[in-house]
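The entries follow the order in which I looked things up.

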Amino acid sequence: MALAFDEYGRPFIIVREQDQKTRLKGIDAQKANIAAGKAVARILRSSLGPKGMDKMLQGPDGDITISNDGATILEQMDVDNQIAKLMVELSRSQDYEIGDGTTGVVVMAGALLEQAERQLDRGIHPIRIAEGYEMASRVAVEHLQRISQKFEFDADNYESLVQTCMTTLSSKIVNRCKRSLAEIAVKAVLAVADLERKDVNLDLIKVEGKVGGKLEDTELIYGILVDKDMSHPQMPKQIADANIAILTCPFEPPKPKTKHKVDIDTVEKFETLRKQEQQYFDEMVQKCKDVGATLVICQWGFDDEANHLLMHRNLPAVRWVGGVELELIAIATGGRIVPRFQELTPEKLGKAGLVREKSFGTTKERMLYIEHCANSKAVTVFIRGGNKMMIEETKRSIHDALCVARNLIRNNSIVYGGGAAEISCSLAVDAAADKYPGVEQYAIRAFAEALDSVPMALAENSGLQPIETLSAVKSQQIKENIPFYGIDCNDVGTNDMREQNVFETLIGKQQQILLATQVVKMILKIDDVISPSEY
Amino acid sequence: MPIDKIFKDEASEEKGERARMSSFVGAMAISDLVKTTLGPKGMDKILQSTGRGHAVTVTNDGATILKSLHIDNPAAKVLIDISKVQDDEVGDGTTSVVVLAGELLREAEKLVASKIHPMTIIAGYRMAAECGRDALLKRVIDNKENPEKFRSDLIKIAMTTLCSKILSQDKEHFAEMAVDAIFRLKGSTNLESIQIIKKPGGSLKDSFLDEGFILDKKIGIGQPKRIENAKILVANTAMDTDKVKIYGARVRVDSMTKVAEIEGAEKEKMKDKVNKILAHGINCFVNRQLIYNFPEELFADAGVLAIEHADFEGIERLGLVTGGEIASTFDNPESVKLGECKLIEEIMIGEDKLIHFSGVAMGQACSIVLRGASHHVLDEAERSLHDALCVLSQTVNDSRVLLGGGWPEMVMAKEVDELARKTPGKKSHAIEAFSRALVSIPTTIADNAGLDSAELVAQLRAEHHSEGCNSGIDVISGSVGNMEERGIYEAFKVKQAVLLSATEAAEMILRVDDIITCAPRRREDRM
């Protein structure tokens, strides 16, 4: 096929070395792509919902990740297939944009592909299917907007935020203490949120984990936690009302950037240099002392002599603090990062009510708490847990919850979870389908079917009869014309998601539908896959 | 149309039943591996390293065994991880936690086979673990108010911990030693300040806790071997060439005389430094870094004892013991706090000379000298003692204690059984299974001791039916007895950590339904 003939009947080659390449064309290419996409979706399908299972991933170095988070699973999976890579991208972009619903979006895309396959078998052109999906997704997004509800909250009354975060956390391994974790997440977000501008800078929330203790010990610290200890073992372990000098210059003799040499050729020069050296250290410490600092936090190391001088002058110090932490400390304490000793002034010092060192377990592990800061706009979530994988998974779960809380502050519209929104959309899309003349009608119906697959997967994972449950809920929604009925995953006994307090964010849901549709459209448009063969 | 492969070469995926199977099998294999080391009559393992020299370790400590294993099974790695955490957190119970997690999974496998969903099992396990913890909390003994009783509690805990180790022959001796050492820490959990010095030779019984402090160093030649009322300066400073630290400085000379001059100046500088140090009015100088011959000679001339190359922890401990501060500059002698002790002398242990500081002021740190027949014995003794010290230091902070000998497990099992009867639904099966897993710990302990476990456990269960029973298995005499009378105690914190970590790990493994293994990273063959 890759061979063509010119007007003189001579063959010429279009694809070079084609016998070494595999090539799929036309309907075969589409079928193969769809199959690959479906395979990825199938892996994630069982992770959906509160009764979803986890995946264990063994990395190339034998390290183990156990996760339930779609984006994490897909990222760690060693995927080779191009289409599968698209699905991985899809989940990642949901993660970047919204932070939650990363599993749902892949399951949704998988369902759309499955339906598309059926339409292809009917002989509908892929572009027509893609167009139909596009129309349907518009209908669905508008419908979501219609059924969404606004809820009110403010800094003191955040119950509804906690409820939404709990919905997110209930599908993770941490659901044992979802209430307290959700509260931590909400409090953390509210602490750093700018409610006026409706914006949250998640960089201000640091999530730290330390193995040991139990999940219930996880706490929110209104301040910064640094995984460092005092530079000299005999420095005080606790400082009240600390004035913090935040330095990015080492306690060492200066190193000019330009290349230079100091030649010592006489005894006098040797002596002067010696004096000079001592003076340097003395001046550095004295400068810190002069501006009234009671704690020095430094990005670099200290010379032994400087270290002792600091200790001697009763000036506790912390060394080798990372750049990110340093910035956070500066934000939290209202201090300025000082790059040179000469520029130290009392105004540039940060203030903290309490700085203390705390040790953990039987090994020599200490952490530095900086609390009661002048500007409380930086908080730390400190996670404890039985083992490393647990901590990692908790970190991811907290991240999801933080994102959800942030999204709610940006846009306080919610839809109901448990598949209720999907079912309602499916009904709306189905009804809208009849209005479209032409082949697209079929594609729109297929879209409605695909929407059903999310609640179906939820029911399946919860051990319910998927078809029976879904049809029961669907008829209930139509009969009472209320979009709140969803799948009762936790066996509470009611389908009303308002009563169960299962909420999801509107933007999250909309984004899921839009992203999934886009990817599916892209996959459908491919009709030729050329890949280099194995070598 | 068959699906093209999604994963890269060599990457594999195991799904559903097979994934669960592989993690169950892996976890149980690990738990069976360490099972035989549980309890006072547990056996040891020999570990041979693949590295050069094929070093051999003989141990009974779960965490040490598991740490040295090369495991490929992901679920097994989870168990190894919890054992490591248990070691870091509380120090003891590293075997129990793995055995309990393994038993929980074994029970779960049966439940899964009888078509109970893993999520239901997890829910049941959680309820059971909560209930078990509450049951223990109700029965804890807290003697913090009464220092004498508290001390005896601690000794009993130490003895219980030690009795499963190589030190079991001299457990009273070592228990006393460990408790004394812990009391000197005064509530700090920093075990770094307890120095354990291992010297082959003699028998384990000859091990002792030193009142003062021992530094494993030699005294410089020509310096006094014995100093009374010593004033010690603890320092961290370069005593070799003392380079000019200013960047880019270098010596450049054009004649031999100048070399000599500079050398002279260098010497002068060192001499200055030594003089400054001497100006502190000391008669002992301990430095973390090297001391070259020249300054050493100067110190010897001044009649000052100079000790070089004490490692960092040694310096820190010495600072703690003598109450001196670690100095690096010596310009203002009046404000540097010096360490003090009554007597410094050189002592001999076996064939080695050590420096002994006695009559120290603060005494927050101490040294334990272990003696034993071989390096293997000493290593194992150190690990055992370390376990005991860890447990004790944790108990000092959380003074709640429990009875031992399988008593806590039976108490929990009883409460959990009670809960199972009250709980409606499928969860009750899981709760029941949890109680069975708990009972398997005393069963294993009895089995390892060569006792009739079925008989003993049944007897124990019957006795526990009455309220407030203190019975447990006394492995030494091979019978069921009152644990309070026999003085077998365990720390609450250890038991709680075992229970919670094991449940958490089991839960984590149960939740998995899909294992994806990436292709191993290729390493360039350097061979």
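This is a predicted model: local features need pLDDT of at least 70, side-chain atom pairs count only at pLDDT 80 or more; totals for chains, interfaces and linings use all residues.

I began with Lys231(B), which counts as partly exposed because its relative accessibility is 31%; the classes I use are buried for under 20% relative accessible area, exposed for over 50% and partly exposed in between, with a 1.4 Å probe and protein chains only. The side chain of Lys231(B) meets that of Glu340(B) in a salt bridge at 3.4 Å, N to O, a term I keep for a side-chain nitrogen of Lys or Arg within 4 Å of a carboxyl oxygen of Asp or Glu. Glu340(B) lies in strand 13 of chain B and Lys231(B) in strand 8 of chain B, so this pair ties together parts that are 109 residues apart in sequence. Glu340(B) is partly exposed as well, with a relative accessible area of 41%.

I then looked up Glu345(B) and Arg226(B), whose side chains also form a salt bridge, 3.2 Å from N to O. This pair links distant parts of the chain, with Glu345(B) in strand 13 (residues 339-349) of chain B and Arg226(B) in strand 8 (residues 226-235) of chain B, 119 residues apart. My helices (H or I, at least four residues) and strands (E, at least two) are DSSP runs, numbered from the N terminus. Glu345(B) is partly exposed at 21% relative accessible area, and Arg226(B) counts as partly exposed at 47%.

Residues are numbered from 1 along each chain as its sequence is written, chains are lettered from A and ligands numbered from 1 in the order in which they are written, and side-chain values use heavy atoms, with hydrogens and water left out.

A search of the whole structure gave me 52 salt bridges over all chains. One of them joins Glu343(A) to Arg340(A), with the closest N and O atoms 3.3 Å apart; Glu343(A) is partly exposed at 30% relative accessible area, and Arg340(A) is partly exposed at 49%.

How many residues of chain B are in contact with chain A? I find 89 residues of chain B in contact with 86 residues of chain A, where contact means heavy atoms within 4.5 Å. The area buried between the two chains is about 7,800 Å², of which carbon and sulfur atoms give 56%; buried area is the accessible area (1.4 Å probe) that two parts lose on being put together, summed over both. Between chain B and chain A the count is 2 salt bridges, and I also recorded a salt bridge of Arg511(B) with Asp54(A), whose closest N and O atoms are 3.0 Å apart.

I count 7 aromatic pairs over all chains, taking rings of Phe, Tyr and Trp (its six-membered ring) as paired if their centres lie within 6.5 Å, and calling planes under 30 degrees apart stacked, over 60 edge-to-face and the rest tilted. Tyr369(A) and Phe382(A) form an edge-to-face pair, 6.5 Å centre to centre and with 80 degrees between the planes. The pair links strand 16 (residues 365-373) of chain A, which holds Tyr369(A), to strand 17 (residues 379-385) of chain A, which holds Phe382(A), 13 residues apart. Tyr369(A) counts as buried at 1% relative accessibility, and Phe382(A) counts as buried at 1%. Phe285(B) and Phe299(B) form a stacked pair, 5.0 Å centre to centre and with 20 degrees between the planes. Phe285(B) lies in strand 10 (residues 284-287) of chain B and Phe299(B) in helix 9 (residues 293-301) of chain B, so the pair ties together parts that are 14 residues apart in sequence.

The charged end of Arg356(A) sits over the ring of Tyr369(A), 4.4 Å from its centre; I require NZ of Lys or CZ of Arg within 6 Å of the ring centre and within 35 degrees of the ring normal.
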